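Reader: I'm new to this one. Can you walk me through it?
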Amino acid sequence: MKKSDTEQIRAANRVDIINALRVFGPVARVDIGRITRLSPATVTAITSELANQGVIAEVKDSTPTTGRGRPRVLIDLNPNHAYVLGIKLSINEIRLMLGDLKGNIIAESVVTAKTQAHNQDSLNEMLVSQAQHFMAGYPEQAKRLVSLGIAIQGFVDVHAGDVVWSPALNMRHVNLTLALEAAFNCPVDLANDANCIAYAIHKQPDFANCRDFAVLMIGYGVGGGLIVGGELYSGHFGAAAEFGHTKFSHEGPQCACGRRGCIEAYVADYALYRDASAVMDLPATDRRHPSEKQMSRLTQLARDGDVAASRLFHQAGKALGFGIANILALLSPQKVVVTGPGVRAFDQMQAGILEGIEDSLIPELIGRADIIQYPWSQDMTGKGIIALALKHFR
Ligand SMILES: [Zn+2]
């Protein structure tokens, strides 16, 4: 074996140990071997190197022991060893988040800004100055900043760092990584928000052994993220898993993307509220963004037995089920996880989802995948972009 090969293997093993500690830490040394399937000798060599560099530290096991023996020594990542900056760009809002080495968001700031009023240069200037202003409040952490990550709703080319199209901007094909890379002299990643959420779920201990699954985000739009072989799948052109704009019916209702009959045009909040308003007496709303209160009220109407509301959620479930059937047939995943604010109505869509899947596929192709909902929380995009940025720490 060439020297470079052994170095590569050692570097990969080091990353495996860091990742295992980020998901499961603090743990005993012996557990690291079990999780990573590395030999005790390799674990000992790499953990002592990491300890010497201050990347990991020993912590006392706080769980009570029954025996009289000494408390077990556990090891964990030293959260203060390195930091990343996450930026979430959405319509008229920039959220800045400081993440530590364990992936915790330890500080955040929300800036209101007219995101749609910018051109490429002024948008990048604003992002750089906001990021610099935010980091100036954390001078010690700024010295240990490893990388930045930006999350945005819409189509992105992750390889080029370009936003191809986003509802948060009024222009297409905008690079958002080069100016920040130059200003901070570190790598900057761009990711679609649904991909960030898929990655955040992938980093949960419950999903540690799940290497092939799809995440569907429903709510203000419909997005998707694919974890294939334990990695986020971006595709050759960097914009994979645009699930919301795959079709349910090419002559169906209007979608925000400009085409008709996309799954999003049945399932997104704006689509459900628009179609409900056509047949029910509902309060007027922002056409593209019905409020959480309005969507909860519509969901409750269905739950209380309103026939028109129930029919709409069932139809939305069916469109989602058709899309899920395509994922099952194409990828044979272990799970399909539905999350996002739209899971508030998962119970109202569930029968439609199953009907859509069963209408689409023979049982042999449906297979044994779990179709599950995952509780939604606002900070999942932030956690995902922080986790993606931390891939640069090696
Ligand atoms: Zn569409």
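Reader: Start with helix α3, residues 40–52. What span should its 13 residues have?
Author: 18 Å, at 1.5 Å a residue; the end C-alpha atoms of α3 are 18 Å apart, which agrees. The expected span is 1.5 Å times one less than the number of residues. Helices (H or I, at least four residues) and strands (E, at least two) are DSSP runs, numbered from the N terminus.
Reader: Where do these values come from?
Author: This is a predicted model: local features need pLDDT of at least 70, side-chain atom pairs count only at pLDDT 80 or more, and totals for chains, interfaces and linings use all residues. Residues are numbered from 1 along each chain as its sequence is written, and side-chain values use heavy atoms, without hydrogens and water.
Reader: Which residues of α3 are buried?
Author: Val-43, Ile-46, Thr-47 and Leu-50. Buried means under 20% relative accessible area, exposed over 50%, partly exposed in between (1.4 Å probe, protein chains only). Seen down the axis of α3, the buried residues fall within an arc of 100 degrees, so they line one face. The arc is that of the directions from the helix axis to the C-beta atoms.
Reader: And the face turned away?
Author: That face of α3 carries exposed Ala-41 and Asn-52.
Reader: What follows α3?
Author: Gly-54, with a positive phi near 80 degrees.
Reader: New topic. What's the strand order in the open sheet?
Author: β13-β12-β11-β14-β15, with mixed pairing. Two strands pair if DSSP finds at least two bridges between them.
Reader: How do β11 and β14 pair?
Author: Strands β11 (213–218) and β14 (335–339) run parallel over 5 bridges. Met-217 has Thr-339 in β14 as its bridge partner.
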